[in-house]
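Subject: Structure handover

Hello,

I am passing the structure below on to you. Please look it over before reading my notes.

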Amino acid sequence: MLRAVVRAFGDPRQVIDLEEAERTAPGPGEVEIRIRRAAINPSDLIPVTGAYRSRTALPFVPGFEGVGEIARLGAGVSGLAVGQRVLPIGASGLWQEYLVRPAEWCFAVPDDLSDDRAAMAYVNPLTAFRLIDAVEAHFGKAGGQRIGVTAGASAIGRMLLMLLADAGFRPVALVRSTATAARLGESFHGEIAVQPASPLDGVLDAVGGEPGNALFRQIRSGGAFIQYGALSGAQLDPALVAARRDEVAFSFLWLRNWVHSAPRAAIEATFAQSFAGIRAGVLGSDVDGVFALRDLPAALARQDDPARSGKLLIAP
């Protein structure tokens, strides 16, 4: 089978190789999955750079999100069937043709969702739900607090803007350019800012680094700054966070932490929310293109293209 593999940290376009590997038979309690679609997300690429090398062991196959069908069942597996579509979660490894994963980490996909939609039902929607929960936990009852969303025109940014508004907050889409603001304004009719005109009550941040530092300084006393990504490649200034610790609550949200601690029933219920949101058109993401795994170099080049208009999917 063909797979992508990382044997050294660095620029994803330089260190992710394609290689042939033997398929592995599923052991007791495991299933073998033929991957039908896998997504390319920033959360797939950032570990490749070595940003999280303290908890990333080499070599590894990237890819945290996707959908596949069960090809083989290991001994003792019940509740799943050969040919059934599932979302395999809990670890990377989806950028390959076949994947062996414990059955307990596989979640059934409704028949009415296409492979493309199902492949994007995990990382962004579940992260968005957790972020909204964190905002509500901090502020209690929503009262129109202004919550900034960095990378506001991204797929998850758009989800957060809608979910915040539905929850009773005032979302502020934070974008990098007036051109991006104009494009976002075609579908989002709330506040959009290249630089926020007034202090914010909270921020949901996917960027970190100096842009995050600048926003952290603007948050009102009693507010919250929740970071869930580091697209800049840097974290916030620890000295800044410490200096305002009595005024601004700072936290970093890792979807992985919740997934590995939540009961299976809670994860299943959250996936049901995701599937419903996708059906309703609230949580869906546009697809810019679908690439064969052998064309991964072209897909990674497109990922970096400013003209990209949606998610990229891999079809192993």
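This is a predicted model: local features need pLDDT of at least 70, side-chain atom pairs count only at pLDDT 80 or more; totals for chains, interfaces and linings use all residues.

Overall make-up. The protein has 11 helices and 15 strands. Its radius of gyration is 20 Å, close to the 20 Å that the globule rule gives for 316 residues, so the protein is as compact as a globular protein of that length. Along the principal axes, the C-alpha atoms fill a box of roughly 55 × 40 × 40 Å.

Among contacts with a separation of 6 or more, 66% are between residues 24 or more positions apart. Of the 316 residues, 51% count as buried.

Helix α2 spans residues 42-49, and its buried residues are D44, L45, I46, P47 and V48. What covers these buried residues? The cover includes the strands β1 (2-6), β2 (16-20) and β3 (30-40), together with the helices α1 (12-15) and α11 (296-303). After α2 comes G50, which has a positive phi, near 100°.

If you open the model, α2 and the elements that cover its buried residues, among them β3 and α11, are the part I have described in detail.

Regards

Definitions and conventions
Residues are numbered from 1 along each chain as its sequence is written. Side-chain values use heavy atoms; hydrogens and water are left out. Helices (H or I, at least four residues) and strands (E, at least two) are DSSP runs, numbered from the N terminus. The radius of gyration is taken over C-alpha atoms; the globule rule is 2.2 Å times the number of residues to the power 0.38. Buried means under 20% relative accessible area, exposed over 50%, partly exposed in between (1.4 Å probe, protein chains only). Contact means heavy atoms within 4.5 Å.
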